[in-house]
There are 2 protein chains.
Amino acid sequence: MSENELALGIDFGGTSVKIGVAFRSSLIDQAPPISTQDFDGPTPLLDAIQRTVEELKHRHPKIVGAGIGMPGFVNFERGIINTLTNVPGWDGFPLRDVMEERLDLPVVVENDANCMAYAEWKRGAGRGMDDMVAITLGTGVGGGIISNGRMVRGSQFGAGEVGQTTIDWEGRVGHYGNKGALEEYVGNQQIASRALELYAQAGVNRSLSDCTPARLSAAAHGGEEVALQIWDEIARRLASALMNCCWLLNPKAIIIGGGVSKAGDVLFGPLTEHLYAQLSPPFREHLMVLPARFGNEAGAIGAAALAIEAVDNA
Amino acid sequence: MSENELALGIDFGGTSVKIGVAFRSSLIDQAPPISTQDFDGPTPLLDAIQRTVEELKHRHPKIVGAGIGMPGFVNFERGIINTLTNVPGWDGFPLRDVMEERLDLPVVVENDANCMAYAEWKRGAGRGMDDMVAITLGTGVGGGIISNGRMVRGSQFGAGEVGQTTIDWEGRVGHYGNKGALEEYVGNQQIASRALELYAQAGVNRSLSDCTPARLSAAAHGGEEVALQIWDEIARRLASALMNCCWLLNPKAIIIGGGVSKAGDVLFGPLTEHLYAQLSPPFREHLMVLPARFGNEAGAIGAAALAIEAVDNA
């Protein structure tokens, strides 16, 4: 039943809002992204989103609901924004109720990384698993957890923040005063800075723009030693944080998405090695480390899947 | 209904097996501990346990089931021992089936730290909570997790091992090759060694036996500077691991048991401070850090509560 329903997936990012119509594991229609910078505050931006949704509803009259993935803390149960990481002006905003009225559809509001995890769980690499951890690597590092066949949201709906967990109790200070936060080591910018440092140490002349994950991946695949070294270092740090997820949650799979994950073997090879070397046999023998199925579309697909679940359970 | 049932709680430790009859949150009868060293391998030890249980059943004919807490990896669903941490000879042993036959009772077998967590959740400091983390501090460091109102066991029943999580990606190597394992910093012996080191640095003459958690606690409560320093260091390291539990699971409470937790304010004061300083406001404002209700009896009370749950669900 739910498999054959259409829902809107709205992926609200720091720079743009992407809106698509999801059918199972695909976006069958997508509106042009809406740039958040073009609008001053929630109301004009929501006007633009509403206009876009009305067009999509006109083209797809069978849409049953809308899911919205937000970049920050969200009260999932009540659909209220707690606070967004890099977007001011939304604290305390009752997004679900406002959007249900504006869109004339049932709406669910969820953290964006949880949407990604939900997409992988319901439609992607973690399908059918009762216990899994998803992590998304980009400018920031987010995550989502499934345990006992349910999304882990925690008492304030803030769970799953793998990027804020520590790998060094005396390490670099994260956004929230959290010392050694993983994000401070394996976020895109941190990777670039560290790569620049290692290139300089090796006497190789490189600029910051040579040090994107994509370029470092290409260099490593070409056998360049410094690039291989940087990926090994990323892998060691990631392994440390993911090892914690394993000891705490004993998942069947760890699913890795986001831009950095596209490095493929040069990341997954050393990552799996360092991770397995720090687990007991029963964990190690059964753990899968998998690339995410979805890329940029994960947020919208997951948000739409959550909307369908909510409609089916209503 | 289940509140008024009697069950056996069997706490299988590295040195002794303690067997009690649990009624709600109390052990109303306890047999003398059985020393594991007196028996060579599973069969003679199980004979002794069986004799003790028969006596207890004779005195309490209304016992409905037995729960067994084991020090290691257990397949909870099938009641089979995977491997025990410091007790050889049990790998692959089908403990539940063997004990159901021997005791003529329904039996559940669970990891001992999960039993402690279950006791605190069902009968102790975490009663009524849907999301909590329990940690037990002693020679080793164990833990158990409740999420969405259910025990988190994971895909191989190995979840909840807070003591094996890392606080330093390049740190001391734990039992399983896990670098920076919390247990390697805040286990009783590690605390004692570190205290000795700090006393020596301060020019104070102390022996290892002066450095038990109880003595260090008394010294700190008396205002001794070195002892306060060691508790602050323990608190910082614990806070780092518990902060990871918060970012991943967003529990309503963290419940701390085991011998080390008896230090009281000199531990809980700096621990709460260092933990709260590394969390975002929505987490911090709602998180409770609580001492465990149960001490040595936690394992037996939790195992018995699990047995009652299993009987009620059968």
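## Strand β12 of chain B

A residue counts as buried when its relative accessible area is under 20%. In this predicted model, strand β12 (residues 253–257) of chain B is mostly covered, with 5 of its 5 residues buried. Both faces of β12(B) are covered: B:Ala253, B:Ile255 and B:Gly257 are buried on one side, and B:Ile254 and B:Ile256 are buried on the other.

Strands of a sheet pair through backbone hydrogen bonds, either parallel or antiparallel. Strand β9 (residues 132–137) of chain B runs parallel to β12(B) and is joined to it by 5 bridges. One residue pair can be named here: B:Thr136 has B:Gly257 in β12(B) as its bridge partner. Strand β13 (residues 288–291) of chain B is also parallel to β12(B), and 4 bridges join the two. Here B:Ile256 has B:Pro291 in β13(B) as its bridge partner.

## A five-stranded sheet in chain A

Chain A contains an open sheet of 5 strands in the order β11-β10-β9-β12-β13, with mixed pairing. Its edge strands are β11 (150–151) and β13 (288–291) of chain A, each of which pairs on one side only. A:Ile146 has A:Met151 in β11(A) as its bridge partner.

Helix α7 (residues 225–249) of chain A lies across β9 (132–137), β10 and β12 (253–257) of chain A, and runs at about 160° to β9(A). Helix α8 (residues 265–276) of chain A packs on the sheet and touches β9, β12 and β13 of chain A. The direction of α8(A) makes about 160° with that of β13(A).

## Helix α1 of chain A

Helix α1 (residues 42–59) of chain A has 18 residues, which should span 26 Å at 1.5 Å a residue; its end C-alpha atoms are 26 Å apart, in agreement with that value. The buried residues of α1(A) are A:Pro42, A:Leu45, A:Leu46, A:Ala48, A:Ile49, A:Gln50, A:Thr52, A:Val53 and A:Leu56. The elements that cover them include the strands β1 (6–12), β2 (16–23), β3 (26–30), β4 (34–35) and β5 (63–70) of chain A, and also helix α2 (95–103) of chain A.

## Helix α5 of chain B

Helix α5 (residues 188–201) of chain B has 14 residues. From its first C-alpha to its last it reaches 20 Å, close to the 20 Å expected at 1.5 Å a residue. B:Ile191, B:Ala192, B:Ala195, B:Leu198 and B:Tyr199 are its buried residues. Seen down the axis of α5(B), these buried residues fall within an arc of 130°, so they line one face of the helix. They pack against α4 (183–186), α6 (213–221) and α7 (225–249) of chain B.

On the other side of α5(B), the residues B:Gln189, B:Ala200 and B:Gln201 are exposed. Just after the helix, B:Gly203 takes a positive phi of about 75°.

## A contact between the chains

A:Glu233 is placed in helix α7 of chain A. With a relative accessible area of 13%, A:Glu233 is buried. Leaving aside neighbours within four places in sequence, A:Glu233 is in contact with A:Arg194, A:Leu198 and B:Trp169.

B:Trp169 lies in the loop between β11 (150–151) and α4 of chain B. It counts as buried at 11% relative accessibility. With the neighbours within four places in sequence again left aside, B:Trp169 is in contact with A:Ile167, A:Asp168, A:Glu233, A:Arg236, A:Arg237, A:Ser240 and B:Lys179. B:Lys179 is 10 residues from B:Trp169 along the chain, and the C-alpha atoms of these two residues are separated by 5.8 Å.

## Cysteines

A disulfide requires two cysteine sulfur atoms within 2.5 Å. By this rule the count over all chains is 0 disulfides. A:Cys115 is in no disulfide, and the nearest cysteine sulfur, that of A:Cys245, is 19 Å away. A:Cys115 counts as buried, at 1% relative accessibility.

In chain B, B:Cys115 is likewise in no disulfide; the nearest cysteine sulfur is that of B:Cys245, 19 Å away. B:Cys115 is buried, with a relative accessible area of 0%.

Methods
Residues numbered from 1 in each chain as written. Chains lettered and ligands numbered in written order. Predicted model: local features only at pLDDT ≥ 70, side-chain atom pairs only at ≥ 80, totals over all residues. Heavy atoms only, no water. Expected span 1.5 Å × (residues − 1). Buried < 20%, exposed > 50% of the residue type's maximum accessible area, 1.4 Å probe, protein only. Arc of directions from axis to C-beta. Contact = heavy atoms within 4.5 Å. Pairing = 2+ DSSP bridges. Axes fitted to C-alpha atoms, helices over the stretch in contact; angles between N-to-C directions.
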